[in-house]
Amino acid sequence: MLAAGLGLAALTVLVLLLWIVSPYPESGAGAALHLAADLWLLGHGSALVRTETLSGIPAPVALTPLLLVIPPVCLLHRACTQALAAGGDESAGDARTGADAEDVPGPLAPLGCVAGGYLVTGAVTVLFASAGPVRADVLSASVRLPLFVLCVAAAAMWPGWGRTPPAAPNELDRAAGSPSGGRTQWPAVPTAREPDFPAPVLAEARALSRRLRPARTALTAMAVLCGGGLVVTLGALLWHVDEVQSAFPRLAGDSWTGQFAVLLLVIALLPNAAVWAAAYGLGPGFALGTGAVVGPFTQTGAASLLPFPLLEALPAAGGGPGLLGGIAAVAVPLAAGATVGWYVARAAAPVTGRCEAAVSRRATLAVVALVGCECAVGVAVLAAFSGGALGTEAMAVLGPSWPLTGVAAFLWAVLVGAPVALAMRAWRLRGSGGDDGPDAAAARQARWSELKAVSGGLMPDFEPRRD
């Protein structure tokens, strides 16, 4: 409840401050409180409904400003981690006093308490915001708010999920070796030069994924992708600075409080614009209404857009540098794919000039594909959350298509990351002879014997071959 109340209070203070300094407010403090509740629910992915329209038909407001999502995620994640830590301390105390294992609560008990308190506060907020010119969509809130809490709770529980004891010494799950005799001793692993069975390759890929942490690598690639999209967006805003400046008085009039409110809305939508720019560089582009798609190669249809500052920076507005903007946009997914390859190559060949701890090319490619899949899922989720509807007709479809954006992210990560990973792996193994160096036979013999010993006799008793 405290986590939900802090996020709601922050938005309430901001909205009430704008209402107080406004010289000609159109409504009272009650409407400002309703607007703060609407913004809080919108930050959780819940849709709103605008009833006062020119046509008389209620219009949905389902475009979530991604900047509003960050405070609820941080507050709820912190509440979940504190609850899990407190539960762990209590479990440790019970273990020290000799209590039965059945009496020790699991991680679901504290997370259930946190989720229950957060959802109770959310339910009260939904009831409060269910009336007015811009009201909460009760059906959308009843589905998306619990899903939001569930995802954040799962993310808080993920680091400790399935934690196992330290692995056997022949696995590649250590990022650094232990010093022995002045040299770093790396775990022995099976190589791809053994008989052409899929098991050694899978074992290598599984061990390499433990060392690499593919989820962290995928998040890094997504950060590079979205950061590059933000740079492209800011560059486009600077290129069309005259049109962007003229959009503020056209939308908010001469009131500085109204223009400041529009500026805050622009800042809140900057992460959405960064994701849209990333989708533009990936290839699918994004929709600007029904039948209007803006992409690097094709641009179909034309929608009548509002004079909003971010929309003035579109490639079709003002006749900007099409070639330069296209090159800058395409450089973003190239950098993200190169990031994937660079991290995988560093984990595949951790010691420069030594092939003892290196993995095979096939295992490297398999881990690149794994990271590409995780990156594609994350980009697809961002694309789905960054878009939405602001009406029922021309503005009913806004933002990138999440399936196409996810597939494009996977292709860029694999097609760019795989050559980069193989090239960097070969560069880091230069001078060691690679897989066919003078010490390769002895290394294969030692690794195969270690694998056979760890398997408990399941491996066949024959010498490793080079074919």
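**Entry 1: the whole chain**
I am working from a predicted model. I counted 13 helices and nine strands in the chain. I then checked burial: 41% of the 467 residues count as buried. For the accessible surface I got about 23800 Å², with 68% of that area belonging to carbon and sulfur atoms. I also looked at contacts between residues at least 6 apart in sequence; 74% of them join residues at least 24 apart.

**Entry 2: α11 against α12**
I took α11 (residues 361–386) and α12 (residues 402–428) next. Their axes come within 7 Å and cross at roughly 150 degrees. The angle is over 145 degrees, so I put α11 down as roughly antiparallel to α12. I noted the crossing of α11 and α12 as right-handed. Then I listed the residues that meet. From α11 they include L365, V368, A369, G372 and A376. From α12 they include W402, F410, A413, G417 and L422. By class, I have 17 nonpolar, five polar and two charged residues in this contact of α11 with α12.

**Entry 3: α7 against α11**
I turned to α7 (residues 214–239), which packs on α11 at an angle of about 50 degrees. The axes of α7 and α11 lie 8 Å apart. I therefore filed α7 and α11 as oblique to each other. Their crossing is right-handed. On the α7 side I found P214, A218, M222 and L225 among the contact residues. On the α11 side, L370, E374, G378 and L382 are among them. I sorted the residues of the contact of α7 with α11 into twelve nonpolar, two polar and one charged.

Technical notes
Residues are numbered from 1 along each chain as its sequence is written. This is a predicted model: local features need pLDDT of at least 70, side-chain atom pairs count only at pLDDT 80 or more; totals for chains, interfaces and linings use all residues. Side-chain values use heavy atoms; hydrogens and water are left out. Axes are lines fitted to C-alpha atoms, for helices over the stretch in contact, and angles run from 0 to 180 degrees between N-to-C directions. Helices (H or I, at least four residues) and strands (E, at least two) are DSSP runs, numbered from the N terminus. Angles under 35 degrees count as roughly parallel, over 145 as roughly antiparallel, 65 to 115 as roughly perpendicular and the rest as oblique. A crossing is left-handed if the near helix is turned anticlockwise from the far one by less than a right angle, and right-handed if clockwise. Contact means heavy atoms within 4.5 Å. Ala, Val, Leu, Ile, Met, Phe, Trp, Tyr, Cys and Pro count as nonpolar, Asp, Glu, Lys and Arg as charged, and the others, Gly among them, as polar. Buried means under 20% relative accessible area, exposed over 50%, partly exposed in between (1.4 Å probe, protein chains only). Accessible areas come from the Shrake-Rupley method with a 1.4 Å probe; for residues, only the protein chains shown count as cover.
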